[in-house]
Amino acid sequence: MTTAFYSHPDCRGHDMGDGHPECPERLDAIDDHLSRHRPRRGARTARGARWSNLADLGLAHESRYVAELRDLLQRIAADGRPRAIDADTIAAAGTWQAVMRAAGAAVAATDAVIDGTVENAFCAVRPPGHHATRAQAMGFCFFNNVAVAARHALDVRGLERVAIVDFDVHHGNGTEDIIANDERVLMVSIFQHPLYPYSGAVPLGTNMVNVPVPPYTRGPQVRALIEENWLARARRVPAGDDLRLGRLRRAPRRRARPARPGRGRLHLDHRADQGGGAEARSAAGSSPAWKAATTSARWRAASPRTCAC
């Protein structure tokens, strides 16, 4: 099994200030983890994250929003003066380059898996994206990388169905805002509630399977909720690790049988736990109902603190 590893130095240039939990060190956490836990099977090939294009961003975001955010970030890049987008989301001189690499990597990873050149792809990129709505940056997020990749798979590459798995301590309100009631997309998610952004208890569309859980929910309960709620709609659910910035904890890790890659089936998966990045992989099975993606965002702050990823 060959896994493409996408990253770019530009993703480290986005810096929201000392002490901010969404920091360049998240990428160091991924590198450290991979250096300690190299896969026993398969090979990893490094690829540079490509530059996104505005047309792909426009598949998930309003064109006016894309243009206004581009102009703002380019002005900040030129004058070097950071601006606060909201209370905890700050645009800095390197933000424009980082957001374009992050979204571009998600699209490139999706293309690589669809084309069959690799079976899996992991994108070590930042900033994250699942709080960015169609027309608003928030919660550390500017463009919604997962939604951009999903719409690219559907509208550009011609897939019929995409499944998005959002496994995160926070609800992916931005992704839900973008794809709610798009019946080509199934989104399943689990998150602590109540917690930022204080949404998700009532799904916005019939294609959403939201599972809000209270603080201190343990692994066995999470597993049961996933089996009861997700598996009726999605045949494959990725396992998760610690959700360190809230009060959810995983069950003990179990050895799982590796899935055989399926033809044309791709899952888009957002995960927030121990690093910051995105993953795309082909999935087992040949269900005619769902073809499509996994983009997994993994991250870790320097210390456990409440934040939005």
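Rings of Phe, Tyr and Trp (its six-membered ring) are taken to pair if their centres lie within 6.5 Å; planes under 30 degrees apart count as stacked, over 60 as edge-to-face and the rest as tilted. The structure is a predicted model, in which local features need pLDDT of at least 70 and side-chain atom pairs count only at pLDDT 80 or more, while totals for chains, interfaces and linings use all residues. Residues are numbered from 1 along each chain as its sequence is written, and side-chain values use heavy atoms, with hydrogens and water left out.

Four aromatic pairs are found in a search of the whole structure. One of them, edge-to-face, is formed by Trp-51 and Trp-96, at 6.1 Å centre to centre and 75° between the planes. This pair links distant parts of the chain, 45 residues apart: Trp-51 lies in the loop between β2 (43-48) and α2 (54-60), and Trp-96 in helix α4 (residues 95-115). Helices (H or I, at least four residues) and strands (E, at least two) are DSSP runs, numbered from the N terminus. Burial is assigned by relative accessible area (buried under 20%, exposed over 50%, partly exposed in between; 1.4 Å probe, protein chains only). Trp-51 is partly exposed at 37%, whereas Trp-96 is buried at 8%.

The rings of Tyr-65 and Phe-143 also form an edge-to-face pair, because their planes stand at 80°, with centres 6.1 Å apart. Tyr-65 belongs to helix α3 (residues 63-79) and Phe-143 to the loop between β5 and α5 (145-156), so that distant parts of the chain, 78 residues apart, are linked. Tyr-65 is buried, with a relative accessibility of 9%, and Phe-143 is buried at 2%.
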